[in-house]
Amino acid sequence: MTVFQKFLLVSIAALLFLAACDAELDELPTPTPVDAALQRLDQEEAEDESVEESEAEEPADEPEAEAAGSDDLEAVFAASGCVACHAVVEDAPPGVGPNVHGVVGRAEEAIASADYTGEAETVEEYLRESILNPRIFIEPDYDPLMPTTYGDTLTDEQIDQLVTYMQGFE
Ligand code: HEC
């Protein structure tokens, strides 16, 4: 065998060896940064889903928690959609409806006024009536735009909580 033939044989062997290594590398792909990012996204999504699931199971305990403090009552007011039309921050301009600040005073004034067309005799009754039957008395300077469906869409407990919440706004 000439030196050249030996060299050729060694080269062929080396090439075959490298090809085999390559094939093994193909079987164990190292993740590219893109793969890694996709994997992370998958994991995050899976975590999100599990959070959503655990939230979905919670509502049964919520009402009790909401009865606990004024922060929770404010959350009921927000979750019921009232904030779309009623500001809760003092001195904020009224929205479609009056700012909740001062509602107790307005209620007392309304009940005492000759123009009052509702049936309430106390502030609490007035607030309840305003939610359940908003058209019975239209607050001066406002339009009759308050939804009339809250008696159907809110639970008795939520209505109690909303009334309690608004009674705090002297
Ligand atoms: C689409 C707008 C809108 C939404 C949503 C809305 N209101 Fe009203 N609300 C009004 C308007 C307008 C008035 C004033 C006219 C009237 O007396 O009906 C009013 C009046 C009131 C009053 C009596 C007036 C006063 O001096 O404040 C109370 C109490 C009240 N809303 C509570 C609520 C509560 C609680 C919710 C949520 C469950 C709610 N509103 C949701 C528009 C809205």
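User: Which helices each supply at least two residues of the shell around the ligand?

Analyst: Helix H5 (103-112), helix H6 (123-132) and helix H8 (156-167) do. This is a predicted model: local features need pLDDT of at least 70, side-chain atom pairs count only at pLDDT 80 or more, and totals for chains, interfaces and linings use all residues. Residues are numbered from 1 along each chain as its sequence is written.

User: What makes a stretch a helix, and how many are there in the protein?

Analyst: A helix is a DSSP run of H or I with at least four residues, and a strand is a run of E with at least two, numbered from the N terminus. The protein has eight helices and zero strands.

User: Which residues come nearest to the ligand?

Analyst: Cys-82, Cys-85, Gly-97, Tyr-142 and Met-146, out of 26 residues around the ligand. A residue is near if its C-beta atom, placed from the backbone, lies within 6 Å of the molecule.

User: Which helix gives the most to the shell around the ligand?

Analyst: H6, with three residues.

User: What makes a set of residues a nonpolar core?

Analyst: Its members are buried Ala, Val, Leu, Ile, Met, Phe, Trp, Tyr and Cys residues, joined through C-beta atoms within 7 Å. Buried means 20 or more other C-beta atoms within 10 Å of the residue's own, with C-beta atoms placed from the backbone. The largest nonpolar core has 14 residues, and Tyr-126 is among those that touch the most other members. H6 provides the largest share of this core, four residues.

User: How much of the protein is buried?

Analyst: Buried residues are 11% of the 170.

Terms used:
A residue is buried if 20 or more other C-beta atoms lie within 10 Å of its own, exposed if 12 or fewer, and partly exposed in between; C-beta atoms are placed from the backbone.
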